Amino acid sequence: MRKISNSLLGLLFLIAACNKHDTKAPAAEEQDVDKIEITQRKCGTAEVLERQLAEDPSLRKRMDQIETFTQKVSKNPSAFRLVNGVITIPVVVHVVYKTTAQNISDAQVQSQIDVLNEDYGNTNQDKALIPAEFQGVDATVGIRFVLDRIVRKQTNKTSWSTNDAVKKTAQGGSNPVDPSTYLNMWACNLGQGLLGYAQFPGGAAATDGVVILYSAFGRNGTLINTYNKGRTATHEVGHWMNLRHIWGDANCGNDLVADTPPASTANYGCPNYPKNTTCTGGKAEMTMNYMDYTDDACMYMFTNGQKSRINAVFAAGGPRAAMAK
């Protein structure tokens, strides 16, 4: 059991973890993802958080308050209204495109919703691959996603970075639809080798949601190899629901979840099981967890501890309680 903290616990160490494995690419405005092979998963969530903390000094306090609330819910769940069965989250998908390929089809968008429902509902077929030692903590999170609408926006922008411009109509993107009651997702041409990024609970409503590279969005249609099973969105929506990376965003760090074994750092590709950690205890790492950096085909589980954190987000008094339907 790892000690649970009520602070951000060095979340910004993720910057170093992400940048250490950067995929070489031109600047965002010059990059054409259609011509680039992304060889390692790269998130921009930490870069976004660093910028938001610098722009809004009150954000750290709000996130600390959310973490304190999360720990209270985990310790005394009967005192809070938690998810009973399944809650439904309406989703608005913004398809922001310049080329025909980037204007992904309705079917590709729906395939991403289907993947989210399988992964958060624990009905994904590859859950059968979970090693015996982790089967006891395998969780059915109990979230159902329903596509409310698709907003299509043609733009002159070649690609987008983590500066949230894609979420702003005035900058060529598309404004979010009522983030208090909808999960907003943007499918667009991300630059800098990024697959996606998310905003943690506590951030500004005007930028709340998840951004995914259009060619890693869903499992049918215009997709790149390795990231063609929709797991980038599963991972980034996990951040949106207040989940950290399993390595705690530092060497042998703390992800604030007791039932994910300590991990040395991010795992890439498809590690052979068991991949033993260099952290204290030398246990097998949970490389198949959705909050690692492994390939789409090699991540296929959440844990009960992660489910507990998600429950707190939607519990009465939680940062996304208005969405619990």
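Helices (H or I, at least four residues) and strands (E, at least two) are DSSP runs, numbered from the N terminus. In this report, residues are numbered from 1 along each chain as its sequence is written. The model is predicted: local features need pLDDT of at least 70, side-chain atom pairs count only at pLDDT 80 or more, and totals for chains, interfaces and linings use all residues, while side-chain values use heavy atoms, with hydrogens and water left out.

The protein contains six helices and five strands, which follow one another along the sequence as α-α-α-β-α-β-β-β-β-α-α. Of its 325 residues, 56% are buried, a term for under 20% relative accessible area, with exposed meaning over 50% and partly exposed in between (1.4 Å probe, protein chains only).

The five strands form an open sheet in the order S2-S1-S3-S5-S4, with mixed pairing. Strands S2 and S4 stand at the edges with a single partner strand each, so one side of each has no neighbour in the sheet. Two strands count as paired if DSSP finds at least two bridges between them. S1 and S3 pair in the parallel sense over five bridges; Val95 has Ala187 in S3 as its bridge partner.

| Strand | Residues |
|---|---|
| S1 | residues 87–97 |
| S2 | 143–154 |
| S3 | residues 183–188 |
| S4 | 196–198 |

Gly317 lies in the segment after helix H6 (304–314). At 63% relative accessibility, Gly317 is exposed. The C-alpha atoms of Gly317 and Phe80 are separated by 8.3 Å, although the two residues are 237 residues apart along the chain.
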